[in-house]
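This report describes selected features of one protein model. The sequence and structure follow.

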Amino acid sequence: MTRSMLRRRLAPLAALLALATLAAACAPDDTPGALHVVTIDRPINHVLDRYIERTLDHAEETNARAVLVRVDTPGGELEAMKRVVGRIENAGVPVITWVGPAGAQAVSAGTFVTMAGHVAAMAPNTTIGAATPITATGEDVEGALGRKVTNDTVAFARGVADLHGRNADWAEEAVRDARSATPDEALELNVVDLVAATEAALLEAIEGREVTLIGGSTVELQLATAPRVENEFNPYERVLAIVSDPFIVSLLLLVGMIGLATEFFFAPGSFLPGTAGAIALLLAFLGLGTLLPGETAIALIGLAAALIVLELFIPTGGILGAGAAIALAIAVGIWIGGGGTDVGIQRVLTIVLGTIITITLLVGAFVGVLAVRYLAPTRKPGEDTGRPEGYQ
């Protein structure tokens, strides 16, 4: 057996081993009775909302003893914050929020996330508060809309504080007057439950404390011997976070508008600018949160189908086919990444199978186009071709 034959036979085995290794590396830790650790170290938006939802789901499914949420955020989107707070309040396991380490902040929307914990703590040299609603550009919300948003946020803040017996008046002042507090002030005002310099000190201080979950059940915290499970952004959430970055969103919107404008007004029939522009706009809408991941995947599949149909009837040199392949690949990636919380061997194999099917369909369509356009039809001997006899 030659070396080339050996390599060809071993290639599938190597691919399977690589997939198994990838799946093992990506698979979540299902250790029961663990302390799950979650980190909020960025602005609160729909990506972080998905991350919190996924990690709390995982903690509940594995019967975690508790979830520790590290908080260090400048704030974020009001609606995303409300969803995060609601998920923490309705968690089936105790949630401990800790503003830390030293130098961290839980301001604006981060104030409510911290106060939503069954146990709320702060590290020295951290801050909490300044929760007045502002616009995306950092300006005050004026007029009737400003009053409406402020009053709604005040009611929400008081509800979060009342649920755990914390200082609702201070929460209202944090919204109306942008009031802030140091750790010692927050402890004295009953905004948080304790001050702890480190995670170890926090866990030691709350050992044996009883907390009441939303359903009325009481849980005693026993975390001293609990194994730790660190929950980080998975690959899908990292990509979604990049797409959601304001600079990237602006760039995608610009590319999308320029591409469509070029296609329809400056270079009709070039196809490349329009295809790229349509894909860029859909990704921008995904980054903005205008389209949910599932809606974006469906839109991309519809775009890919339209491009394949056009490719069958319009000679574009493969531009539309390539655009369809890219749109389908992105749609499959969104569907796989957004369809579940875990990345195991089954999900990896599903990605591979979906990619193979997609490539097969595209190749089949391409071969069909070639057959229709360039292969001469078969004629029976003696059949009239419309050409003079002897003509070649």
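## The largest pocket

Six helices each supply at least two residues of the lining of the largest pocket: α3 (78-89), α4 (109-115), α5, α9 (235-244), α10 (246-266) and α11 (272-288). The model is a predicted one, and the volume computed for the largest pocket is about 870 Å³. Its lining comprises 31 residues, of which P43, I44, G75, G76 and E77 are the closest to the centre.

## The central sheet

Six strands form an open sheet in the order β8-β5-β3-β2-β1-β11, and their pairing is parallel. In general, strands of a sheet pair through backbone hydrogen bonds, in either a parallel or an antiparallel manner.

Within this sheet, β1 pairs with β2 (residues 66-71) in the parallel sense, and the pairing extends over six bridges. T39 has R70 of β2 as its bridge partner. Helix α8 (residues 199-206) lies across β1, β2, β3 (95-99), β5 (119-122), β8 and β11. The helix runs at about 140° to β3.

## The loop residue N45

N45 belongs to the loop that lies between β1 (35-40) and α2 (46-61). Is N45 buried or exposed? Its relative accessible area is 17%, and N45 is therefore classed as buried, because the cut-off for a buried residue is under 20%.

A polar atom of the N45 side chain lies 3.1 Å from the backbone nitrogen of L48. When neighbours within four places in sequence are left aside, N45 is in contact with E77 and A80.

F156 is located in helix α5 (residues 143-163), one of the helices that supply at least two residues of the pocket lining. With a relative accessible area of 22%, F156 is partly exposed, because this class lies between the limits of 20% and 50%.

Which residues does F156 contact, leaving aside its neighbours within four places in sequence? They are M81, K82, V85 and F112. F156 and E172 are separated by 16 residues in sequence, and their C-alpha atoms are 9.1 Å apart in space.

Terms used: Residues numbered from 1 in each chain as written. Predicted model: local features only at pLDDT ≥ 70, side-chain atom pairs only at ≥ 80, totals over all residues. Heavy atoms only, no water. Helix = DSSP H or I, 4+ residues; strand = E, 2+ residues; numbered from the N terminus. Buried < 20%, exposed > 50% of the residue type's maximum accessible area, 1.4 Å probe, protein only. Polar contact = N/O pair within 3.5 Å; in protein donor to acceptor, adjacent residues only side chain to side chain. Contact = heavy atoms within 4.5 Å. Pairing = 2+ DSSP bridges. Axes fitted to C-alpha atoms, helices over the stretch in contact; angles between N-to-C directions. 1 Å grid on protein atoms, 1.4 Å probe; cavity = no way out; pocket = protein on both sides within 12 Å on 5 of 7 lines; lining within 4 Å. Points joined across faces, edges and corners; volume = space filled by probe spheres on them.
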